Amino acid sequence: MSADGRAASAPLAPVALAAMGVVFGDIGTSPLYTMKEVFGGPHGVPVTPDNVLGVLSLVFWALTIVVSLKYVLFIMRADNRGEGGIMALTSLALRSTTSPLLARGMAALGLFGAALFYGDGVITPAISVLSAVEGLEVAAPAFRPYVLPTSLVVLVGLFLIQRSGTAQVGAVFGPVMLFWFTTLGVLGAINVARHPDVLQAINPVHALNFFAANRWHGFLALGAVVLAITGGEALYADMGHFGRRPIKLAWFAYVFPALYLNYLGQGALIIADPAAVKNPFYLLVPEPLLYPMVGLATLATIIASQAVISGAFSLTKQAVQLGYCPRVHVIHTSEREVGQIYVPNVNWMLLGAVVALVIGFRSSSALASAYGIAVTLTMMIDTVLAFVVVRALWRWRLGPALAFVVLFFAVDFAFFSANSVKILDGGWFPLALGLGVHTLLMTWKTGREALARRMALDTIPLKLLIQSLHYDPPVRVSGTGIFMTTDPDGVPRALLHNLLHNKVLHERVVLVNVLTEDVPYVSPAERVRVEALEFGFFRVFVRYGFKDDPDIPAALALCAPQGLGFELMESSFFLGRETLIPRKGSPLAVWRERLFIVMFRNAHSAAEFFSIPANRVVEFGTQVEL
């Protein structure tokens with residue numbers, strides 16, 4: 001059932017409330033730093049009433065065009081069986097082409113967009129928590145030396161609790177974020193009531209006048225305005241959890257109005273008191289409520305960071321399933337919620353990068369220079385892939401499809417161009433991290449393909465082995481021998497080693513081939529297909545979606561209706577463990593070959609990844625020259 005189908009079976013309002021606690025965390029904490037960076041950042045514009053109205057107009061139309069029109073109303077329609085995100089969009093785009101070269105290019109493009117998400121996963125917690133804790137400086141300047149250590153304590157604590165999962169904490173995310181957005185709206189509305197002239201900022205003429213008056217400086221200001229829409233892609237990525245309708249309802253009915261009211265309130269405050277530009281968000285807050293507001297903002301940023309961290313875990317799992325990442329240790333933190341997972345390696349990698357960022361940049365204003373470029377580049381990739389989908393899958397005529405891509409790509413490119421001047425000031429960090437992750441993912445995919453070709457040269461056809469049993473049958477022993485194989489037409493090396501060393505064959509031999517489809521989930525009814533061969537041989541094809549949890553014993557239990565029943569204690573799983581050796585003439589570059597060998601050596605065991613009981617596993621080692 002699709003996400004919208006699941007959402008339709010539940011009351012819309014509660015699902016929208018739950019979505020508010022997960023989907024809107026990143027974009028919902030943007031008011032903490034956006035206006036401050038537009039006027040006080042490295043490319044800050046002069047604080048004048050006209051400039052304030054121009055910036056407020058830009059924020060409104062950025063939220064309207066990029067978030068409301070592009071993601072909420074348009075791209076969220078491009079769902080892969082209810083699932084969203086750049087991996088789902090890439091899968092849809094790949095269905096539209098039969099050209100291997102074009103498919104490889106689109107896969108690499110989509111994978112680069114996914115890799116950039118890790119950069120966002122590092123910067124979002126750092127800038128959000130820092131900007132929240134910096135409210136202590138507004139309350140009492142004496143707290144300035146404690147901002148950095150307090151932020152580090154909060155961030156380290158956030159990553160340390162990941163192992164216990166977010167199932168229980170997640171129940172309060174929705175109400176907390178509802179209170180957060182209510183507070184944003186109320187604080188903004190109070191100042192708008194005092195200076196209602198700021199409401200005219202909705203008129204796009206003010207944005208045009210802003211560019212006319214500030215020219216190149218005004219264009220560079222887009223690099224800070226984009227901070228208002230960071231997190232927009234998360235609406236699409238988290239669609240699978242809640243469905244399109246609840247997210248749309250929460251955005252238009254509550255989140256968007258509350259967010260923009262707060263921006264208007266900050267603008268009104270800056271017009272009335274230009275000195276407030278040093279931290280307009282916290283200066284909106286009445287002094288007696290300043291400390292509680294710091295606590296609420298910190299909690300909101302933790303929730304926003306949690307959504308990004310969980311997204312990095314899910315993305316890693318999907319990359320493993322699709323063959324772009326080595327097997328990693330995945331811990332399920334909830335017995336009821338399949339999506340509640342914890343990936344230790346990714347968690348510690350993110351924590352190390354976040355701590356390094358906070359110590360290196362030391363303030364949210366400095367971090368703002370690194371923020372935005374990865375997000376805008378991902379948004380451009382989304383637009384390109386969505387254009388492929390609307391043309392090839394939705395069969396749009398060229399005119400409407402071009403109108404779509406020109407409008408959205410022009411806006412995305414403008415934001416990206418304005419952010420590109422930040423590369424030397426810190427924007428290099430998310431790009432370097434994204435390029436590094438992309439290199440790892442593509443190296444693994446290319447290396448696995450090279451390894452498969454190499455092993456295919458030494459593989460005996462299964463049909464030939466079965467024919468040989470007519471002339472020289474080995475000793476048959478009771479029980480079932482199960483062999484994992486990537487080539488269902490070939491003989492697994494573990495099977496050959498078993499015949500060579502043990503000189504026996506089980507009375508039933510089952511070759512299990514696991515296929516990962518480009519859909520998020522495969523139903524149990526479609527999970528397995530059994531094919532009976534001669535001499536007690538069977539081939540079992542097991543299908544998973546890229547968000548499914550592989551469980552081979554559970555999949556084999558589904559084979560009984562197709563005439564192949566299993567007794568786990570009478571079955572043995574035979575797995576191959578290859579040791580890779582570099583060689584001259586390898587299809588991989590030397591550095592890439594060595595990198596792949598290191599990744600292969602450190603991959604998680606196949607037995608644990610496929611949930612195979614350790615006491616039923618027999619491993620045969622072999623050396624393979626790449």
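This briefing describes the overall build of the protein chain, its nonpolar cores, its aromatic pairs and one of its helices.

The structure is a predicted model, in which local features need pLDDT of at least 70 and side-chain atom pairs count only at pLDDT 80 or more, while totals for chains, interfaces and linings use all residues. Residues are numbered from 1 along each chain as its sequence is written, and side-chain values use heavy atoms, with hydrogens and water left out.

**Overall build**

- The protein chain holds 26 helices and 8 strands, these being DSSP runs numbered from the N terminus, with helices (H or I) of at least four residues and strands (E) of at least two.
- The radius of gyration of the protein chain, taken over C-alpha atoms, is 27 Å, close to the 25 Å that the globule rule gives for 626 residues, so the chain is as compact as a globular protein of that length; the rule is 2.2 Å times the number of residues to the power 0.38.
- Along its principal axes, the C-alpha trace of the protein chain spans about 95 × 55 × 50 Å.
- Of the 626 residues in the protein chain, 56% are buried, where buried means under 20% relative accessible area, exposed over 50% and partly exposed in between, with a 1.4 Å probe and protein chains only.
- Among contacts (heavy atoms within 4.5 Å) with a separation of 6 or more, 83% are accounted for by residues 24 or more positions apart.

**Nonpolar cores**

- The largest nonpolar core has 181 residues, and those with the most contacts inside it are Phe24, Leu63, Trp180, Phe181, Trp251 and Tyr260; such a core is a set of buried Ala, Val, Leu, Ile, Met, Phe, Trp, Tyr and Cys residues joined through side-chain atoms within 4.5 Å.
- Helix α7 (residues 100-133) gives the largest share of this core, 16 residues.
- Apart from this core lies another, of 15 residues, among them Val491, Ala494, Leu495 and Leu511.

**Aromatic pairs and charges over rings**

- The whole structure contains 26 aromatic pairs, counted for rings of Phe, Tyr and Trp (its six-membered ring) with centres within 6.5 Å, and called stacked if the planes are under 30 degrees apart, edge-to-face if over 60 and tilted for the rest.
- The rings of Phe60 and Tyr260 form a tilted pair, because their centres are 5.1 Å apart and their planes stand at 55°.
- Phe60 belongs to helix α5 (residues 49-74) and Tyr260 to helix α14 (residues 244-272), so their pair ties together parts that are 200 residues apart in sequence.
- Both partners are buried, Phe60 at 15% relative accessibility and Tyr260 at 6%.
- Ring pairs also link Phe24, Phe60, Trp61, Trp251, Phe256 and Tyr260 into a cluster.
- The charged end of Arg77 sits over the ring of Trp394, 4.7 Å from its centre, a description that requires CZ of Arg or NZ of Lys within 6 Å of the ring centre and within 35 degrees of the ring normal.
- Lys445 lies over the face of Tyr324, at 4.8 Å from the ring centre.

**Helix α20**

- Helix α20 has 23 residues and reaches 31 Å from its first C-alpha to its last, close to the expected 33 Å, which is 1.5 Å times one less than the number of residues.
- Phe409 and Phe413 both lie in α20 (residues 398-420), 4 residues apart, about one turn of the helix.
- Phe409 is partly exposed at 29% relative accessibility, and Phe413 is partly exposed at 41%.
- The buried residues of α20, including Phe404, Phe408 and Phe415, pack against α5, α11 (205-225) and α19 (373-392).
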